[in-house]
Amino acid sequence: MATKVSGGKDGQKKPATAATNLIAGGGAGMMEALVCHPLDTIKVRMQLSKRGRVPGQAKRGFIRTGVEIVQKETALGLYKGLGAVLTGIVPKMAIRFTSFEWYKQLLANKETGVVSGQALFLAGLSAGVTEAVAVVTPMEVIKIRLQAQHHSMADPLDVPKYRNAAHALYTVVKEEGFGALYRGVSLTALRQGSNQAVNFTAYTYFKEWLYQYQPEYVGGNLPSYQTTLIGLVSGAMGPLSNAPIDTIKTRLQKMKAEPGTSALQRITKIAGEMFKQEGFHAFYKGITPRIMRVAPGQAVTFTVYEFLKEKLEKSGPSVITGGRYEE
């Protein structure tokens, strides 16, 4: 199956502009973060956990991990690192949707405007790598440092090393240098690239199939429940394909750099120690909360994005449709 790049002809809608992607993508990302961040905190704690290395020491599932966070650190502990996420979510989503549309048009057949399945996959892959390098990697480093702290949010005397996102950013750069913000950039790019390649390709195919069976919606938006459903299914596919990458990335970004060792050496060391000491299953730690976080997160993102994009295109033509006021 192939899709046609929107261009305002033959009943096709024009591609969303950068202004639309900034507002609609940012709004969708903020909603997704607020709804799903607690599951991300649980996932990170599970991936960082060394339980199971000692014989007889029971492993913790995602429910028990979540309960222990709430008991020891209050419910606010589930939202550690949210500030870093909210700071980066608007540019992240704007870059994701804008770059995907740009890469898609770049890879389209120049004569017919048709985008093949391979081109869709490559456009999603490129969009994921772009957002990883531009925004996601520094945001992830700060977020993980905050989420890894086990202090109680209710005890004012329990002062953590990193007080908030801004303080964590300052401390990391001061103690470890600016380069520390890009620790694990290769793994982050690989994770984000594979995520968005699978995500956008599956979502686009599902959307095209629904339009084929429901021609009355062609040229407009699908019902919100259908957008939510296909976003949920496509969102679950990425984590299943790259769970080991995400687990290694989390451990790499939590630790400080070791002098004299390259990123590849650290990655190899982490992977080797995990396999030897914790077994193959360790690479899939946190997969349950990750799917529970990413799948509904993508459902929320696509649903809110499509909704806001439609409202913006109807209400703000001078800015949204590429008029002379657009920057």
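How many cavities of 30 Å³ or more does a search of the whole structure find? The search finds 2. The model is predicted, so local features need pLDDT of at least 70 and side-chain atom pairs count only at pLDDT 80 or more, while totals for chains, interfaces and linings use all residues. Residues are numbered from 1 along each chain as its sequence is written, and side-chain values use heavy atoms, with hydrogens and water left out.

**Cavities**

A cavity here is a set of points, on a 1 Å grid over the protein atoms alone, where a 1.4 Å probe fits but cannot get out; lining residues have an atom within 4 Å of a point. A volume is the space filled by probe spheres set on the points, which are joined across faces, edges and corners. In the table, nonpolar means Ala, Val, Leu, Ile, Met, Phe, Trp, Tyr, Cys and Pro, charged means Asp, Glu, Lys and Arg, and polar means the others, Gly among them.

| Cavity | Volume | Lining residues by class |
|---|---|---|
| Largest cavity | about 320 Å³ | 7 nonpolar, 8 polar, 10 charged |
| Second largest cavity | about 30 Å³ | 3 nonpolar, 2 polar, 2 charged |

The largest cavity has a volume of about 320 Å³. It is lined by 25 residues, and the closest to its centre are Lys-92, Arg-191, Gln-192, Arg-293 and Val-294. At least two lining residues come from each of α1 (18-48), α3 (82-107), α4 (117-147), α6 (185-213), α7 (224-254) and α9 (287-315). Helices are DSSP runs (H or I, at least four residues) numbered from the N terminus.

The lining of the second largest cavity consists of Tyr-203, Lys-207, Tyr-211, Asn-221, Leu-222, Thr-227 and Glu-306. Helix α6 gives the most to this lining, with 3 residues.

**Nonpolar surface patch**

Trp-102, Leu-106, Leu-107, Phe-121, Leu-122, Leu-125, Val-129 and Val-133 make a nonpolar surface patch of about 660 Å². Such a patch joins nonpolar side chains (Val, Leu, Ile, Met, Phe, Trp, Tyr) within 5 Å, from residues with over 30% relative accessible area and no salt bridge. A salt bridge is a side-chain nitrogen of Lys or Arg within 4 Å of a carboxyl oxygen of Asp or Glu. Areas come from the Shrake-Rupley method with a 1.4 Å probe. Both α3 and α4 supply at least two residues of the patch, and α4 gives the most, with 5. Leu-125 lies in helix α4 and is partly exposed, at 30% relative accessibility.

**Thr-74**

Thr-74 is not a glycine, yet has a positive phi of about 70°. Its place is in the loop between α2 (62-73) and α3. Thr-74 is partly exposed, with a relative accessible area of 23%; buried means under 20%, exposed over 50%, and partly exposed in between (1.4 Å probe, protein chains only).

Notes: 1 Å grid on protein atoms, 1.4 Å probe; cavity = no way out; pocket = protein on both sides within 12 Å on 5 of 7 lines; lining within 4 Å. Patch = residues over 30% accessible without salt bridge, like charges linked within 9 Å, V, L, I, M, F, W, Y side chains within 5 Å.
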